Amino acid sequence: MAPYPHVIRLRGPWELAPVGSSAPARRVDVPSDWKLALGADFAGKARYTRYFNRPTGLEAHERVWLCCEGARERGEISLNGQSLASIT
């Protein structure tokens with residue numbers, strides 16, 4: 001039996017892009033300050049994107065928790081296009 005809970009470290013790299021802009025996404029490590037990548041005067045929405053696989057060996061009764069720590073700005077968290085939570 002696999003250890004529980006399953007842990008995936010999603011520290012980086014991530015793709016960071018301003019929303020509604022034609023600017024290309026930048027590769028950033030997480031945790032980091034997104035203003036370092038987008039500029040200190042950036043005001044708007046930005047999207048972090050990261051692809052990952054589900055943990056192997058999950059049994060039918062087990063669940064995967066997505067934990068987001070250290071956010072200092074407002075935000076929305078979604079997984080596969082489904083909204084999960086808001087950060088205020």
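**Loops, pocket and charge pair**

Mentor: Asn80 lies in the loop between β4 and β5. Please keep in mind that this is a predicted model.

Trainee: Is Asn80 buried or exposed?

Mentor: A residue counts as exposed when its relative accessible area is over 50%. Asn80 has a relative accessible area of 78%, so the class that applies is exposed.

Trainee: What is the phi of Asn80?

Mentor: Most residues other than glycine have a negative phi. Asn80 is not a glycine, yet its phi is positive, at about 55 degrees.

Trainee: How far apart in space are Glu69 and Pro31?

Mentor: In sequence the two residues are 38 residues apart. From C-alpha to C-alpha, their separation in space is 9.1 Å.

Trainee: Is Glu69 buried or exposed?

Mentor: The cut-off for the exposed class is over 50% relative accessible area. Glu69 has a relative accessibility of 76%, and therefore it counts as exposed.

Trainee: Which residue forms a salt bridge with Arg27?

Mentor: Side chains of opposite charge can pair when their charged atoms come close. The structure holds one salt bridge. The closest N and O atoms of this pair are 3.3 Å apart, and the partner of Arg27 is Glu15.

Trainee: How many residues apart are Arg27 in strand β2 and Glu15 in strand β1?

Mentor: The salt bridge between Arg27 and Glu15 links distant parts of the chain. Arg27 is exposed at 63% relative accessibility, whereas Glu15 is partly exposed at 28%.

Trainee: Which element supplies the largest share of the lining of the largest pocket?

Mentor: The largest pocket has a volume of about 2300 Å³ and is lined by 47 residues. At least two lining residues come from each of α1 (34-38), β3 (46-49), β4 (75-79) and β5 (82-87). The largest share is five residues, and the element that supplies it is β4.

Trainee: How many nonpolar residues does the lining of the largest pocket have?

Mentor: Nearest the pocket centre lie Trp14, Tyr48, Cys68, Glu76 and Ile77. By class, the lining has twelve charged and ten polar residues, and its nonpolar residues number 25.

Trainee: What accessible area does the nonpolar surface patch have together?

Mentor: The patch is formed by Ile8, Phe52, Leu66, Leu79 and Leu84. One of them, Leu66, is found in the loop between β3 and β4 and is partly exposed, with a relative accessible area of 39%. Together the five residues have an accessible area of about 390 Å².

Technical notes. Residues numbered from 1 in each chain as written. Predicted model: local features only at pLDDT ≥ 70, side-chain atom pairs only at ≥ 80, totals over all residues. Heavy atoms only, no water. 1 Å grid on protein atoms, 1.4 Å probe; cavity = no way out; pocket = protein on both sides within 12 Å on 5 of 7 lines; lining within 4 Å. Points joined across faces, edges and corners; volume = space filled by probe spheres on them. Helix = DSSP H or I, 4+ residues; strand = E, 2+ residues; numbered from the N terminus. Nonpolar A, V, L, I, M, F, W, Y, C, P; charged D, E, K, R; others polar. Patch = residues over 30% accessible without salt bridge, like charges linked within 9 Å, V, L, I, M, F, W, Y side chains within 5 Å. Areas by Shrake-Rupley, 256 points an atom, 1.4 Å probe, with all protein chains shown as cover. Salt bridge = Lys/Arg side-chain N within 4 Å of Asp/Glu carboxyl O. Buried < 20%, exposed > 50% of the residue type's maximum accessible area, 1.4 Å probe, protein only.
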